[in-house]
Amino acid sequence: MMRMEVGSIVEIADLKSATHLNGSSGKLVRWLERDQRWAVELLALKKTVRVKPSNLVLLHGTKPTRTVLDELPTASDQVVRLRGLRGASHLNGTRGLTVKFDESAGRWAVRLDDTHQVVNCKPENVSLVSVLNRVLDGTPTEKNTRAALQFDVGRRVECINYYKLPQKFEHGTVAMTWVREKSWPDGLYAAYKVILDDGRHLYVRNNKKYIKESTAPPIDSTTYEVGDQVICQVPQSEFSEPGIVIRRNQDWLSRGVAPYLLKMNYGKYLNFWPTSQTMKFDDDKCEGVAVNVTDRLRFKVGERVECSVGVDFDPGTIVQLWYNDESQFEKNEVVPYQISLDDGTMIYAPEDTDNVIRKSDRSPPPCWICFDSESSTDNPIVRECACRGEDSGFVHVQCLIRLAKSKVPHLRSNPDVNPYKQCLTCHRSFAPFRLCHKALTKESYRLFGKEDPMENILAQASIDAMAELLKEEGFYEGAKLLLLDSLQRFRDIKREVEGLDTFMNDILTTILIKIARIHAETRSLVHMKICLEECIELADEFNRSGFDIKSKGLVPAKYNLARYASYTGNDLNALKLLEQVIDTEKKEDPASDHHLNALQMCAALHFRLFESREKCIELLAEENDLQKVIYGSNSWEVRLSKWQLEMLQRGDEPQVVVIENGKVWLGLKFADLQDIDRS
């Protein structure tokens, strides 16, 4: 049984005289022997009071709960969330602005956002909306391009990096002023385009909340030459690391690339934006260290190589040079090669040396279309489908394109078997975003992308695939332009052709969701919200039409709108939307990703808003049961959610984690994760 001790978190109860303190939370500071009372530091009011033990309720031993330690309001006009209310529990989770603090009553007057009603709340029932949720974003808003700007191109500034949570100012350099992208609504501009010191590009408003002057030294792109040995302070290391310059880009600012590519002595390649403080000449050069002082690589895309895999060298084909994968690599790390092995596995080579990658004397298996085995940069032989067997599935990329073109007449009448998306032998889709998929997607768009979508069903499919490819490669503007043009085309058809309203609504919702996801990637959150709200309106109209089928756009629209609500701090609205997603998917598609993600997010939000451990356990148990069916009882996903359940059932305090894309979940301590068997 827990007992009261210094540091314990308690709640004051049943006071007869100072009744306004009842329900207040505090921390035990010391025991007053003479008074036989505890000195209690009230966390909300920042003062200490003396209270009898009989008027104290022990909350969680010596560990403060997240509620107690939430940031508390200190002044008027601060955004707050109500929580822990008992008499008016329906208001828990609602947001408002603090009006004033009534000293005599010990309560905050709060004006609610939704109803503008003013309610009086105890300090412990009011918490500031987390800094994580008071987000700034990249939505363009400025129209007056004649307005004076404080910073010119090349000036050093500090900007809010709205891609990271918590949002904070980071150093960068102004690359352009009064910028406009074609996909933005008419007349809207961004005052600045800024390149941060880690390479991130930001569109920034002319507002001190977003940008301010920096005292940091400028980016140095002229001091060092290729071959210079340097010492660098890289962000992911506590120590200065030696390396060598293998590429320099003096026009880095106009091109939007890194000023230097470095080969570090510990073996990795890094794109680097140095200042006089973060990179210097290495006065203690490592004599005799053999380093390749050029960024020229030995092999080209399409060349046959052998790669060190364990104790053997396995044959494969180069598919990309200077490859980057943010999910696997350090920030701004690149590797010389990405390789497609003959067994279909994708790997990368961290060094351009013979002990890692070497020229292959073995010819690739012959192309199954032309039977030739020559592989070149323009026409490599790869295997990127599910065909297996010693020589099965190997094909020239150009042969695959010619085969697909020969099937176009059949494709127009039977689009279910699409050679621009899947192998005609195994009928499995080509691996996404690899050579075959990219080449076929581009060719399909070239052939069908400009055709009338009402006459050729392949037209919209080719546009969607091309937009997804552009998005994956980071060309968000090109992807948005394709989808916006397609959106306008279908809006025109809906307006001009009678009787197609319901059919068009479903198509429009699908396109709007794709556009909203791109807005989310670029943090144009206002435009994201507008797209999703239109989706829900169109989907509801479709569902009221009396069709037996339901709109495919309603669930993803509500799920993504919940992400928006969570990201911008409106957790109660996020919870309502997620509960609607769960109710729908239970009937329509219980195994969907939207259903699983909504269950996880709902559990986290219930804990954050109401500290409802029972509801969390109920939701996670439902998620765990579904995962057993989808992934198998011994899968990593099942073991992880089971661990979360056990953590909650034994009374542990989980951490509510918020990530950049608006998702929230119940986190585990890193040490706990080590106890879960991943095998």
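Helices here are DSSP runs of H or I with at least four residues, and strands are runs of E with at least two, numbered from the N terminus. On that basis, the protein has 14 helices and 29 strands. The model is predicted.

**Overall picture**

The protein has 679 residues, and 49% of them count as buried. Consider contacts between residues at least 6 apart in sequence: 55% of them join residues at least 24 apart.

**Helix H12**

Helix H12 covers residues 613-631. The table sets out their accessibility.

| Residue | Relative accessible area | Class |
|---|---|---|
| Gln627 | 7% | buried |
| Ile630 | 34% | partly exposed |

Buried means under 20% relative accessible area and exposed means over 50%, so a residue in between is partly exposed. Gln627, at 7%, therefore counts as buried. Ile630, at 34%, is partly exposed.

**Contacts of Gln627**

Which residues does Gln627 contact, leaving aside its neighbours within four places in sequence? They are Leu596, Gly632, Glu637, Val638 and Ser641.

**The patch at Ile630**

Ile630 belongs to a nonpolar patch on the surface. Val629 and Tyr631 are the other members. Together the three residues have about 290 Å² of accessible area. A patch residue needs over 30% relative accessible area; Ile630 has 34%.

Conventions:
Residues are numbered from 1 along each chain as its sequence is written. This is a predicted model: local features need pLDDT of at least 70, side-chain atom pairs count only at pLDDT 80 or more; totals for chains, interfaces and linings use all residues. Side-chain values use heavy atoms; hydrogens and water are left out. Patches are made of residues with over 30% relative accessible area and no salt bridge: like charges are joined within 9 Å, nonpolar side chains (Val, Leu, Ile, Met, Phe, Trp, Tyr) within 5 Å. Accessible areas come from the Shrake-Rupley method with a 1.4 Å probe; for residues, only the protein chains shown count as cover. A salt bridge is a side-chain nitrogen of Lys or Arg within 4 Å of a carboxyl oxygen of Asp or Glu. Buried means under 20% relative accessible area, exposed over 50%, partly exposed in between (1.4 Å probe, protein chains only). Contact means heavy atoms within 4.5 Å.
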